[in-house]
Each structure stands twice: as structure tokens, then as C-alpha cells.
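Dear colleague,

I am passing on the structure below, and after it you will find notes on what came out of the analysis. Please read them with the structure open beside you.

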Amino acid sequence: GLGPSAHSAHGRLRRWNIREWAAWQHTLAERRPAVEASETLSDTQVLLERRYLGLRTSSGVESVLIPEAVRESWIAAGWAREGNDRIQLTIEGWLRLDALVASL
């Protein structure tokens, strides 16, 4: 991630930059890494990240990542559509993204 408070992930490692603008800028001016902290993700956290980040994109996520009953309820409510073995959120669904993912 680029910028203050930006998050990055690679495999099981997630890291985030210094949050405060002035501190982030000062750290970079000193040519030091602006990473504030990092963590190793569990299998459950990796799955959550795949779902959450994938649903934020126009290509969506693989259908198998969302339980069938949940997919059907999202589609019936007009929050998602399914095609090519993928679930994509509609605009209405995208606005509800946090609540939808929390329901998983």
C-alpha cells in the first residue's frame, strides 16, 4: 500500500503504514520504511480477505467462496449477480459490503 495508513498483503503477511501524515512523511524523508506493523494471517483471516477484497472489485469472487444459501439471498435481494462461476455485487450490494461480509 502507498500512503499513510495504507495496508498491503502478500500471502499470509499483512502490513500497514504509519497512520499520521506528518510522521509518515518524516519517516520517508529519513529514508526509513514507513511500515508501522505487520501480522501473519490465519486460514480464516486469509479467506475473509479473499472474500472482502474480491467483492470490492468489478470481477467479484469465485462463487464457491460464498455459501450457496447466502449467494441466493443476496441475488434475491438484488445485492449480487452470478455468472461464470463468480459472484459480483451490484451497486446496492457494494454499498452494503461491510454488512454482507459480516453475515458470512
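**The sheet**

In this predicted model, three strands form an open sheet in the order β1-β2-β3, with antiparallel pairing (two strands pair if DSSP finds at least two bridges between them; strands are DSSP runs of E with at least two residues, and helices runs of H or I with at least four, numbered from the N terminus). Because β1 (7-10) and β3 (35-40) stand at the edges with a single partner strand each, one side of each is left without a neighbour in the sheet. Four bridges join β1 to the antiparallel strand β2 (residues 13-17), and Ser-8 has Arg-15 in β2 as its bridge partner.

**Ser-63**

Ser-63, in the loop between β4 (61-62) and α3, is buried at a relative accessible area of 6% (buried means under 20%, exposed over 50% and partly exposed in between, with a 1.4 Å probe and protein chains only). Its contacts beyond four places in sequence include Arg-71, Glu-82 and Asp-85, where contact means heavy atoms within 4.5 Å.

**Ala-80**

Leaving aside neighbours within four places in sequence, Ala-80 is in contact with Trp-74, Ile-75, Ile-87, Gln-88, Leu-89 and Thr-90.

Residues are numbered from 1 along each chain as its sequence is written, and side-chain values use heavy atoms, with hydrogens and water left out. Local features need pLDDT of at least 70 and side-chain atom pairs count only at pLDDT 80 or more, whereas totals for chains, interfaces and linings use all residues.
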